[in-house]
Amino acid sequence: MQLGFVGLGRMGFNMVTRLARGGHTIVATDRNPEVVRQIAQQPGVTGAASLAEVVERLDAPRAVWVMVPAGAATESVIQELGERLAPGDVVVDGGNSNFRDSMRRAEALAARGIRFMDQGTSGGIWGLENGYCLMIGGDPETFARLEPAFQTLAPPDGYLHCGPVGAGHFVKMVHNGIEYGMMQAYGEGFEVLHASQFELDLAKVARLWNRGSVIRSWLCELAAEAFSRDRNLERIRGYVEDSGEARWMVIEAMNENVPTPVITLSLLERFRSRQEESFSAKVVAALRKEFGGHAVKPAE
């Protein structure tokens, strides 16, 4: 099938590549003209200099995938597409948008007769070869229309129509919250191993755990690869960003009175990782000195 594609970052570029390999024809654009030039060298892919050109090159009814950062960038792209597309066309947001934003955008596009699907996408840089796990929201008719593309992007049984608009990004939000908790648990466990009296080969431990252990996982496989390249992770700074989904999940959990202590604390640990020195730790050290006379290490 013919598809438009907006956003050729690490995931977007690979998604276009996988779609083209699967026999789909793609009209792709990005703010960076160099990556547009690169992707256009692939069979079945045409580069476009703008959103307007993407729309012009597609046959009606059109379908345009959006893979740009959540927030202002997605808002801007979808607003412009809403002005350029026609009734019966479809916009698919495959980024990490808030599900409430997706519901709002779908309503605004529906007023123009344009359909909308929210597609939570997991797979990272490995998705090109392994396929992407797709969590999809939207009406059943539009889902069926785009299913050939979903089948190409995903591994066998790797996509799901989760429900109406918003359901896809909601499921992806929870997925990422769980991911935070799992990564934090691995991080803490390996830190205990690293700090122990034993000279442990953490890469070998990670590989061992992936042989029949109840904590085996792809994340553990990736840990083994990381430790193989850098035994003590000396070339990596312990600064961890978050893309927003865990924040949204914690807020939604509180709204529904659902306790999520592990995911909440894993999110807070990411905040802690960005501090050169914790001011709260300074306060605690000062208080210990004041009431107990404990020594305080001077600031450097």
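Predicted model: local features only at pLDDT ≥ 70, side-chain atom pairs only at ≥ 80, totals over all residues.
Student: Is aspartate 157 buried or exposed?
Tutor: Aspartate 157 is found in the loop between helix 7 (140-153) and strand 8 (159-163), and its phi is near 60°, a positive value in a residue other than glycine. Most residues other than glycine have a negative phi. The relative accessibility of aspartate 157 is 81%, so the residue counts as exposed.

Student: Which loop holds asparagine 257?
Tutor: Asparagine 257 has a phi near 60°, a positive value in a residue that is not glycine. With a relative accessibility of 69%, asparagine 257 counts as exposed. Its place in the chain is the loop between helix 11 and helix 12.

Student: Which residues does threonine 260 touch, not counting residues up to four places away in sequence?
Tutor: Threonine 260 lies in the loop between helix 11 and helix 12 (261-273). Its relative accessibility is 17%, and because the limit for buried is under 20%, threonine 260 counts as buried. With residues up to four places away in sequence set aside, the residues that threonine 260 touches are Met249, Val250 and Ala253.

Student: How many residues apart in sequence are the parts tied together by arginine 62 and aspartate 89?
Tutor: The search of the whole structure finds 17 salt bridges, and one of them is formed by the side chains of arginine 62 and aspartate 89, at 2.8 Å from N to O. Arginine 62 lies in the loop between helix 3 (51-57) and strand 4 (63-66), and aspartate 89 in the loop between helix 4 (72-84) and strand 5 (90-93), so the pair ties together parts whose separation in sequence is 27 residues.

Student: Which helices does the salt bridge between arginine 104 and glutamate 75 tie together?
Tutor: The closest N and O atoms of arginine 104 and glutamate 75 are 3.0 Å apart. Arginine 104 lies in helix 5 (residues 99-110) and glutamate 75 in helix 4, so the pair ties together parts that are 29 residues apart in sequence. At 39% relative accessibility, arginine 104 counts as partly exposed, while glutamate 75 is one of the buried residues of helix 4. The helices in question are therefore helix 5 and helix 4.

Student: What is the relative accessible area of arginine 231?
Tutor: The side chains of aspartate 201 and arginine 231 meet in a salt bridge at 3.8 Å from N to O. Aspartate 201 lies in the loop between helix 8 (167-195) and helix 9 (202-209), and arginine 231 in the loop between helix 10 (218-229) and helix 11 (245-255), so the pair ties together parts that are 30 residues apart in sequence. Aspartate 201 counts as partly exposed at 25% relative accessibility. Arginine 231 is partly exposed as well, and its relative accessible area is 42%.

Student: What span is expected for helix 4 at 1.5 Å a residue?
Tutor: Helix 4 has 13 residues, and its buried residues include Val77, Ile78 and Leu81. Those buried residues pack against several elements, among them strand 1 (2-6), helix 3 and strand 6 (115-122). From its first C-alpha to its last, helix 4 reaches 19 Å, which is close to the expected 18 Å.

Student: What is the bridge partner of valine 66 in strand 5?
Tutor: Strand 4 and strand 5 run parallel and are joined by 4 bridges. From strand 5, Val90 and Val92 point one way and Val91 and Asp93 the other way, all of them buried. The partner of valine 66 is aspartate 93.

Methods. Residues numbered from 1 in each chain as written. Heavy atoms only, no water. Salt bridge = Lys/Arg side-chain N within 4 Å of Asp/Glu carboxyl O. Helix = DSSP H or I, 4+ residues; strand = E, 2+ residues; numbered from the N terminus. Buried < 20%, exposed > 50% of the residue type's maximum accessible area, 1.4 Å probe, protein only. Contact = heavy atoms within 4.5 Å. Expected span 1.5 Å × (residues − 1). Pairing = 2+ DSSP bridges.
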